[in-house]
Amino acid sequence: MKNKTALCIALFLIFANVSSLAFAEEADDLEILGFEVEKLLNLGSGFLAAGLFTATSLAYKRTGNKRLIYVSAAFFLFAVKGFLTSHELFFEEWHWVDPTASFLNFAILLSFFFGVMKK
């Protein structure tokens, strides 16, 4: 009986600690020079995608490969998404950005899919 009581107490204490961690408030975001690292990485991803968009657009003009249109569109959409998700570095929060970014994820995947499947 003592073992069951000790086991119940141990399980209760474990559950109490785990649940308190689950409901704890989110800690402050990691910052560099007063800017959130997540937003800076999103901005960097946007610039990288813009550069890749430019490269694939030039490659399409040079080769005429129709697949590159879809790949270029995907990089363009990814650049837009990167800039939108990093907007809080420069502006106040816009509530429509998260649903738009989710839609852009869908469009990016479709564009890459069509780029791969196009003959």
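Mentor: Start with the order of elements: along the sequence the pattern is α-β-β-α-α-α. Keep in mind that this is a predicted model.

Trainee: How many helices and strands is that?

Mentor: The chain has 4 helices and 2 strands.

Trainee: And what share of the residues is buried?

Mentor: Of the 119 residues in the chain, 24% count as buried.

Trainee: What about contacts between residues 24 or more positions apart?

Mentor: Taking the contacts with a separation of 6 or more, 60% are between residues 24 or more positions apart.

Trainee: Let's pick a helix. What is the length of α3?

Mentor: Helix α3 covers residues 67-85. It has 19 residues and reaches 27 Å from its first C-alpha to its last, close to the 27 Å expected at 1.5 Å a residue.

Trainee: Which residues of α3 are buried?

Mentor: Among them are Leu 68, Val 71, Phe 75, Ala 79 and Leu 84. Lys 81 is also on the list of buried residues in α3.

Trainee: What covers them?

Mentor: The cover over the buried residues of α3 includes α2 and α4.

Trainee: Take α2, then. At what angle do α2 and α3 pack?

Mentor: Helix α2, residues 37-63, packs against α3 at an angle of about 160°, and the axes are 7 Å apart. An angle over 145 degrees counts as roughly antiparallel, so α2 and α3 are roughly antiparallel to each other. The crossing of α2 past α3 is left-handed. By class, the contact between these two helices has 16 nonpolar, 9 polar and 1 charged residues.

Trainee: Buried or exposed, and why?

Mentor: Ser 86 has a relative accessibility of 1%, so it counts as buried; the cut-off is under 20%.

Trainee: What is Ser 86 in contact with?

Mentor: Setting aside neighbours within four places in sequence, Ser 86 is in contact with Lys 39, Asn 42 and Leu 43. As for Val 37, it is 49 residues from Ser 86 in sequence, and their C-alpha atoms are 10.0 Å apart in space.

Trainee: One more serine. Where is Ser 111?

Mentor: Ser 111 is in helix α4, which covers residues 97-117. Ser 111 is buried, with a relative accessible area of 8%.

Trainee: And which residues is Ser 111 in contact with?

Mentor: Apart from neighbours within four places in sequence, Ser 111 is in contact with Tyr 70, Ala 73 and Ala 74. Ala 74 is one of the buried residues of α3.

Technical notes:
Residues are numbered from 1 along each chain as its sequence is written. This is a predicted model: local features need pLDDT of at least 70, side-chain atom pairs count only at pLDDT 80 or more; totals for chains, interfaces and linings use all residues. Side-chain values use heavy atoms; hydrogens and water are left out. Buried means under 20% relative accessible area, exposed over 50%, partly exposed in between (1.4 Å probe, protein chains only). Contact means heavy atoms within 4.5 Å. Axes are lines fitted to C-alpha atoms, for helices over the stretch in contact, and angles run from 0 to 180 degrees between N-to-C directions. Angles under 35 degrees count as roughly parallel, over 145 as roughly antiparallel, 65 to 115 as roughly perpendicular and the rest as oblique. A crossing is left-handed if the near helix is turned anticlockwise from the far one by less than a right angle, and right-handed if clockwise. Ala, Val, Leu, Ile, Met, Phe, Trp, Tyr, Cys and Pro count as nonpolar, Asp, Glu, Lys and Arg as charged, and the others, Gly among them, as polar. The expected span of a helix is 1.5 Å times one less than its number of residues.
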